[in-house]
Amino acid sequence: MDELTKYRVTIDTIDKKLIELLFERKRTIQLISKIKKDLHKAPLDPTRWNELLKTRLEWARELDLEVDFISNVFEDIHDWSLLIQSKS
């Protein structure tokens, strides 16, 4: 296997793990949604969202990742979370 192919296999493995983590996150969101409904809480918790985004951006900075990119990723994940909660 040449070097390029090895790295592509590595990327494929990482992408599979990302998908599996997103699946795990979805299941957790569904459980949180049930708890929120039982407690008569709204899906959106602005305080939690602001704290979450702040910490994720700090983690990104620590790893020298592009903060704008990570911000966009987590905004999409958050929108997806709210969509899941609206369907649960």
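Helices here are DSSP runs of at least four residues, numbered from the N terminus. The model is predicted.

**Stop one: Pro46.** Select Pro46, which sits in helix α2, residues 46-62. Is Pro46 buried, exposed or partly exposed? Its relative accessibility is 45%, so Pro46 counts as partly exposed; that class lies between the 20% and 50% cut-offs.

**Stop two: the largest pocket.** Select Arg25, Ile32, Arg48, Leu52 and Ser81. Of the 20 residues lining the largest pocket, these lie nearest its centre. Colour α1 (3-38), α2 and α3 (67-87) next: these are the elements that give two or more residues to that lining. Which element gives the largest share? α3 does, with six residues. The volume of this pocket is about 520 Å³. Its lining holds ten nonpolar, four polar and six charged residues.

**Stop three: the second largest pocket.** This pocket has a volume of about 420 Å³. Select Leu18, Leu22, Val73, Phe74 and Ile77, the closest to its centre among the 14 lining residues. Keep the helix colours on. At least two lining residues come from each of α1, α2 and α3. α3 again gives the most, here five residues. How many polar residues are in this lining? There are none; the lining of the second largest pocket has twelve nonpolar and two charged residues.

Terms used: Residues are numbered from 1 along each chain as its sequence is written. This is a predicted model: local features need pLDDT of at least 70, side-chain atom pairs count only at pLDDT 80 or more; totals for chains, interfaces and linings use all residues. Side-chain values use heavy atoms; hydrogens and water are left out. Buried means under 20% relative accessible area, exposed over 50%, partly exposed in between (1.4 Å probe, protein chains only). On a 1 Å grid over the protein atoms alone, a cavity is a set of points where a 1.4 Å probe fits but cannot get out, and a pocket is an open set with protein on both sides within 12 Å along at least five of seven lines; lining residues have an atom within 4 Å of a point. Grid points are joined across faces, edges and corners, and a volume is the space filled by probe spheres set on the points. Ala, Val, Leu, Ile, Met, Phe, Trp, Tyr, Cys and Pro count as nonpolar, Asp, Glu, Lys and Arg as charged, and the others, Gly among them, as polar.
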